[in-house]
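Please look over the model below before reading my comments. They are kept brief.

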Amino acid sequence: MEIQLWRSILCPYELAVQELVVKFQHLIAEHRENDLYSPIEQVVGRVKSISSILEKLQRKHIPIERMEEEIEDIAGIRIICQFEEDIAAVVDLISHRTDMEIKSEKNYLKHIKESGYRSYHLIIYYTVQTITGPKRIQMEIQIRTLAMNFWATIEHSLQYKYKGDMPPHVTQRLSKAADAIESLDREMSSVRNEIMDAQNSSQTQSNLVKDILNNIENMYKLSNKREVMKIQDEFLRVFKTKDLQQLERFHRQLDIIAEGYRAQSVSGH
């Protein structure tokens, strides 16, 4: 197959990866903007290299003209979660979307691979718009925790180094590491509420600080600079206390003051 033809075949897959990465990143942002916990921590995507596609065709004895029908993971998205419980939430989220259709699922959390690999895989249908019209393609979505991803990344590197023929002692050590990763995920789930409370407090503080600074910036345009400097100094004092309740009180008081300045500005005109 000519290089140019490969490019034209893979172009829609590259577009699909770009679109889905943006869509999932927007979901993360949308959750956080609404002070909601996002089950998605991060998302990355890739299109298989031509050499990887050729190797898979040869290994599975697939004719090149059947490539797009038989190879389901030419395009891939990896969704990383904080907790194992988040994986089911992400699968549910995807299943309710109208722009993605789930073709099949593989649960490597319940059916752990012999190597110790754990993840949740979806094969979906996704439609992209090309210059020749809509094209419906297959894509793989891998959903795993940060800990699972760490192990899988190391395992993949070792498989590449040993060309799929790892020495027994390396395989054994990887298996022990997989057990440790599973234990870590369980431990993180057991302290999930404490972790989420801390994260929510941090997000609340971040949002309050953002609103306060916006208010102070707007007040510079409406009032006496010396008065605003005093307000700014008071904000810094409150911020240093790291007391969320004090910060919330200051935020409410500042809203009242800022509204007063805005009213004065309107009446002055």
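1. Basis. This is a predicted model: local features need pLDDT of at least 70, side-chain atom pairs count only at pLDDT 80 or more, and totals for chains, interfaces and linings use all residues. Residues are numbered from 1 along each chain as its sequence is written, and side-chain values use heavy atoms, with hydrogens and water left out.

2. Span of H8. Helices here are DSSP runs (H or I, at least four residues), numbered from the N terminus.

3. Val228, Ile231, Phe235 and Val238 are the buried residues of H8 (buried: under 20% relative accessible area; exposed: over 50%; 1.4 Å probe, protein chains only). They share one side of H8, because their arc around the axis is only 80° (taken from the directions from the helix axis to the C-beta atoms). The face turned away carries exposed Lys225, Arg226, Lys230 and Lys240.

4. Cavity lining. The largest cavity is lined by Gly116, Tyr117, Arg118, Met148, Trp151, Ala178 and Ile181 (cavity: a set of points on a 1 Å grid over the protein atoms alone where a 1.4 Å probe fits but cannot get out; lining: an atom within 4 Å of a point). Helices H5 (146–161) and H6 (168–190) each supply at least two residues of that lining.

Terms used
1 Å grid on protein atoms, 1.4 Å probe; cavity = no way out; pocket = protein on both sides within 12 Å on 5 of 7 lines; lining within 4 Å.
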